[in-house]
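Please look over the structure below.

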Amino acid sequence: MWSDALLIAERNHLLRLLLWGAASVIVSTSLFLFMVVTRRSDDRSPLLRHFAIQLAGWGMVELVVGVWRWQGLVYRDLGSYTSLDRLLWLNVGLDVGYVGVGVAIAATGWVAARRLGPVGGGLGVVVHGLALLVLHSMLLSVLARLTVA
């Protein structure tokens, strides 16, 4: 029973990760198409261009990781539950780091050079760091409820 609930929770988490990755790729492609249709060159919209690049890159990585993890879904015992829990806590720490790095990139790009390209790229990293933080925290919350039950 417990292993079934854990498998369902992990599957739902991966579905949300895949949906977020796909949405990121679709939105970034739409942004690029918008820039092409409106004939905005790189010098007119660097913030949007670099934001879209980050969306595309992170979205593709999330899709690859999601598909790879989906293929390895199995019923878990206590040992593999512990491994998953520790991996999620590591990911939460990395997610907070991504947000910090994104803020640093955006702030440095603006303060040091008054350039919008790094601001857009930094904002893209912040958005993905926050999204991953929410997704990983949601699964950690489910795991905590499963251990109490």
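**Terms and how they apply**

The protein chain has four helices and zero strands; helices (H or I, at least four residues) and strands (E, at least two) are DSSP runs, numbered from the N terminus. This is a predicted model, in which local features need pLDDT of at least 70 and side-chain atom pairs count only at pLDDT 80 or more, while totals for chains, interfaces and linings use all residues. Residues are numbered from 1 along each chain as its sequence is written, and side-chain values use heavy atoms, with hydrogens and water left out.

Q: What pattern does the protein chain follow along the sequence?
A: The pattern is α-α-α-α. The C-alpha trace spans about 55 × 30 × 20 Å along its principal axes.

Q: Why is α3 called roughly antiparallel to α4?
A: The axes of α3 (residues 78–113) and α4 (residues 116–148) cross at roughly 160° and come within 7 Å. Axes are lines fitted to C-alpha atoms, for helices over the stretch in contact, and angles run from 0 to 180 degrees between N-to-C directions. Angles under 35 degrees count as roughly parallel, over 145 as roughly antiparallel, 65 to 115 as roughly perpendicular and the rest as oblique. Therefore α3 is roughly antiparallel to α4. By class, their contact has 24 nonpolar, eight polar and two charged residues; Ala, Val, Leu, Ile, Met, Phe, Trp, Tyr, Cys and Pro count as nonpolar, Asp, Glu, Lys and Arg as charged, and the others, Gly among them, as polar.

Q: What makes α1 and α2 roughly antiparallel or roughly parallel?
A: α1 and α2 pack at an angle of about 150°, with their axes 7 Å apart. So α1 counts as roughly antiparallel to α2. Their contact holds 23 nonpolar, five polar and five charged residues.

Q: How do you know that E10 and R69 meet in a salt bridge?
A: A salt bridge is a side-chain nitrogen of Lys or Arg within 4 Å of a carboxyl oxygen of Asp or Glu. For E10 and R69 the N to O distance is 3.0 Å, and the pair is a salt bridge. E10 lies in helix α1 (residues 2–37) and R69 in helix α2 (residues 46–71), so the pair ties together parts that are 59 residues apart in sequence. The structure holds two salt bridges.
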